[in-house]
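Q: Can we go through this structure together? I'd like to start with the charged side chains.

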Amino acid sequence: MRLRPLGLATAAGTVILCATTLAAAYGDSPRRAREGTVAAADLLAKLTSCERLSDGLYRTDAESAATVPVCGLKGAVFWKADLDVDCDGQRTANCNQDRDPWYQDDTAYHQSDGKPLRADTLPYVVVPGKSDLWDHTAAGIGGGGVVAVIHGDQVEYAVVGDTGPKEIIGEASYATAEALGIDPDPATGGAESGVAYILFKDSRVSPIESHSAAVALGDRLARQFLAEN
């Protein structure tokens with residue numbers, strides 16, 4: 001995750017909601033309108049109040065005010081923020097130093113073969129680095145953990161794939177943005193607001209690079225989340 005200046009991420013239109021389908025039908029391609037059996041509205045209905053877990057508030061960009069808390073519910077933590085596009089990891093035609101001014105060729109967590117994650121094909125989310133504000137590992141959130149990313153009427157399942165600055169929140173991979181109908185350009189894309197992130201505690205996708213495994217596990221945990229909250 002990079003210290004992205006305020007205003008570079010701009011909102012884009014959302015894709016029309018498609019019929020509900022489980023992960024197995026899709027293979028590992030993340031590009032679709034909605035995943036799983038749980039509607040975005042049902043998940044968002046559980047996020048109307050915040051039991052704050054963070055000791056303070058996060059910024060969404062380097063120049064913005066600190067306004068975003070990390071909140072807790074049974075079995076999950078969540079926040080509502082923007083979406084800055086992360087292109088870090090394997091160098092590809094979409095993600096490289098020419099297209100991304102903040103490009104880094106590594107991610108905090110790696111594929112099963114030891115290589116960095118591939119941002120333009122794998123939906124992943126960046127979590128803030130451990131600090132006095134909040135320690136994601138102490139909350140049961142680690143590499144490969146499942147995340148439901150919600151934008152408009154869409155749900156995209158991702159994994160925790162990278163860590164970022166200790167005081168900034170709200171970043172996800174090129175593939176996550178693209179699947180949600182958000183402009184994935186790492187320099188000018190993203191969404192300035194309206195994105196919710198639900199991170200399921202003590203979950204882990206193996207191998208981390210299997211998007212279909214993330215969808216299958218995420219759908220099950222999302223239904224459990226609705227039942228328990």
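Q: Is aspartate 120 buried or exposed?
A: Aspartate 120 counts as buried, at 2% relative accessibility. Buried means under 20% relative accessible area, exposed means over 50%, and partly exposed lies in between (1.4 Å probe, protein chains only). A word on the source: this is a predicted model, where local features need pLDDT of at least 70, side-chain atom pairs count only at pLDDT 80 or more, and totals for chains, interfaces and linings use all residues. Residues are numbered from 1 along each chain as its sequence is written, and side-chain values use heavy atoms, with hydrogens and water left out.

Q: Which residue forms a salt bridge with aspartate 120?
A: Arginine 118 does, with the closest N and O atoms 2.6 Å apart. A salt bridge here is a side-chain nitrogen of Lys or Arg within 4 Å of a carboxyl oxygen of Asp or Glu. Arginine 118 is partly exposed, at 33% relative accessibility.

Q: Why do such side chains pair?
A: Side chains of opposite charge can pair when their charged atoms come close.

Q: How many salt bridges does the structure hold?
A: Four. One of them joins arginine 99 and aspartate 185, at 3.5 Å from N to O. Arginine 99 sits in the loop between strand 3 (76–86) and strand 4 (124–128), and aspartate 185 in the loop between helix 2 (174–179) and strand 8 (191–200), so the pair ties together parts 86 residues apart in sequence. Helices (H or I, at least four residues) and strands (E, at least two) are DSSP runs, numbered from the N terminus.

Q: How accessible is arginine 99, and what about aspartate 185?
A: Arginine 99 has a relative accessible area of 32%, which is partly exposed. Aspartate 185 is partly exposed too, at 21%.

Q: Which arginine does aspartate 219 form a salt bridge with?
A: Arginine 223, with the closest N and O atoms 3.2 Å apart. Both are in helix 3 (residues 211–228), four residues apart, or about one helical turn. Aspartate 219 is buried at 1%. Arginine 223 is partly exposed at 44%.

Q: How many residues does helix 3 have?
A: Helix 3 has 18 residues. From first C-alpha to last, helix 3 reaches 25 Å, close to the 26 Å expected at 1.5 Å a residue. The expected span is 1.5 Å times one less than the number of residues.

Q: What covers the buried residues of helix 3?
A: The cover includes helix 1, strand 2 (71–73), strand 3, strand 5, strand 6 and strand 8. Among the buried residues of helix 3 are His211, Leu217 and Phe225.

Q: New topic. How many disulfides are there?
A: Two, where a disulfide is a pair of cysteine sulfur atoms within 2.5 Å. Cysteine 50 and cysteine 71 form one, with sulfur atoms 2.0 Å apart. Cysteine 50 lies in the loop between helix 1 and strand 1 (51–52) and cysteine 71 in strand 2, so this pair ties together parts 21 residues apart in sequence. Cysteine 50 is partly exposed at 38%, whereas cysteine 71 is buried at 3%.

Q: Which cysteine is joined to cysteine 87?
A: Cysteine 95, S to S 2.0 Å. Cysteine 87 and cysteine 95 are both buried. The torsion about their S-S bond is about -65°, so the disulfide is left-handed.

Technical notes: Contact means heavy atoms within 4.5 Å.
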